[in-house]
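Here is a short report on one protein chain. Look at the sequence and the structure first, then read on.

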Amino acid sequence: VRMLLEENSDDCWHLYNLLNRGDYVFGTCQRKIAKETLTGLTKNEKKKISVLLRVEKFDYDADVDVLRVSGVNARENKYIPLGAHQALDVLAPMKVTLIKKQFDSIHLKKLHEATSDAQNGNVLAIVMEEGIAHVFIVSKSTSKLKAKVEKHIPKKKRFGDKQEKLKAKFHEQIESALETHFNTKDNGENLLKSIKAVIIGSPGHYGEKFLDHMKETAEKKKSPLFKDLVSKTILAHCTSGFKHSLNEIMANKEVMERIQDLACYSES
């Protein structure tokens with residue numbers, strides 16, 4: 001199976017679920033190569049090398065969306081002897097080939113899930129409270145933390161205008177994080193198209209205030225990005241702006257029903 005791993009996708013996760021010990025993975029790795037200089041000294045330099053590995057170990061790091069494969073070189077080349085141990089970091093954007101002796105019914109089911117996941121779309125989830133926010137992209141298979149925003153905002157009323165300015169700055173930082181991930185480079189445009197709903201979860205009225213900020217941004221900047229996000233937004237209650245609150249909003253039956261209604265509306 002040849003795969004072109006796209007950024008902002010679950011491709012690495014799906015490849016991880018297809019892998020078994022003894023499979024072969026063909027891809028490009030970096031290896032330190034000893035090179036002799038004109039003066040006779042030896043120095044190491046990193047070089048990109050195509051390698052075919054027989055897989056011995058593999059691990060998926062969800063925080064950075066990287067599949068780390070280690071094994072032995074199954075095809076001799078100029079830089080890596082046959083049978084030498086080598087590691088390969090698989091991450092987007094990258095082309096890799098997975099070779100298995102046999103694809104059984106379980107593997108075929110996983111391949112089907114991988115292709116259907118891409119069509120199901122994603123949910124943009126923001127959990128927040130005053131001074132802290134976490135931004136996630138949630139698919140059927142994974143939830144990926146895209147940004148963490150923190151801003152110290154004094155609680156005491158005596159800070160007055162300064163407190164309001166810090167709140168506005170906090171909202172602008174979240175806004176900037178969204179603009180970074182949905183830019184036209186790095187597959188951001190395609191990621192935006194895949195978003196079928198936006199959930200803002202918070203205790204109190206923090207989520208509502210940020211939604212008001214997004215509406216103002218959409219109007220002031222004439223921003224298609226924020227206009228689109230606002231049109232798909234669902235407000236939800238959660239106990240905090242920390243990461244664990246994502247589970248709260250994604251387990252909320254009413255929220256899930258509203259996501260489904262939004263998805264059906266956008267497809268009609």
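This is a predicted model: local features need pLDDT of at least 70, side-chain atom pairs count only at pLDDT 80 or more; totals for chains, interfaces and linings use all residues.

Residues are numbered from 1 along each chain as its sequence is written, and side-chain values use heavy atoms, with hydrogens and water left out.

**The whole chain**

The protein chain has eight helices and eleven strands. Both are DSSP runs numbered from the N terminus: helices are H or I with at least four residues, strands are E with at least two. Of the 268 residues, 42% are buried. Buried means under 20% relative accessible area, exposed means over 50%, and partly exposed lies in between (1.4 Å probe, protein chains only). The chain exposes about 16000 Å², and carbon and sulfur atoms supply 50% of that area. Accessible areas come from the Shrake-Rupley method with a 1.4 Å probe; for residues, only the protein chains shown count as cover. Now take contacts between residues at least 6 apart in sequence: 60% of them join residues at least 24 apart. Contact means heavy atoms within 4.5 Å.

**The six-stranded sheet**

Six strands form an open sheet in the order E1-E6-E2-E3-E4-E5, with antiparallel pairing. Strands E1 (2-5) and E5 (85-90) stand at the edges; each has a single partner strand, so one side of each is left without a neighbour in the sheet. Neighbouring strands here are turned by 45 degrees against each other on average, direction ignored. Axes are lines fitted to C-alpha atoms, for helices over the stretch in contact, and angles run from 0 to 180 degrees between N-to-C directions. Two strands pair if DSSP finds at least two bridges between them. E1 and E6 (residues 94-99) are joined by four bridges and run antiparallel. Arg 2 stands opposite Thr 97 in E6.

**The five-stranded sheet**

The order in this open sheet is E9-E8-E7-E10-E11, and the pairing is mixed. E9 (143-150) and E11 (233-237) are the edge strands; each has a single partner, so one side of each is left without a neighbour in the sheet. Neighbouring strands are turned by 20 degrees against each other on average, direction ignored.

Strand E7 (residues 122-129) is largely enclosed by the rest of the structure, because seven of its eight residues are buried.

| Strand joined to E7 | Bridges | Direction |
|---|---|---|
| E10 (residues 195-202) | six bridges | parallel |
| E8 (residues 132-138) | seven bridges | antiparallel |

In E10, Asn 122 has Ile 195 as its bridge partner, and Leu 124 has Val 198. In E8, Met 128 is partnered by Ala 133. E7 and E8 form a hairpin with two residues between them, and Gly 131 in the turn has a positive phi of about 95 degrees. Helix H5 (residues 206-220) lies across E7, E10 and E11, at about 135 degrees to E10.

**Ser 245 and the cysteines**

Is Ser 245 buried or exposed? Ser 245 is buried, because its relative accessibility is 0%. Ser 245 lies in helix H7 (residues 245-250). Leaving out residues up to four places away in sequence, Ser 245 touches Val 127, Cys 238, Thr 239 and Ser 240. Ser 245 and Ser 202 are 43 residues apart in sequence and 8.5 Å apart in space, C-alpha to C-alpha.

Cys 238 is buried at 0% relative accessibility, and Cys 12 is buried at 2%. The structure holds zero disulfides. The cut-off for a disulfide is a pair of cysteine sulfur atoms within 2.5 Å.
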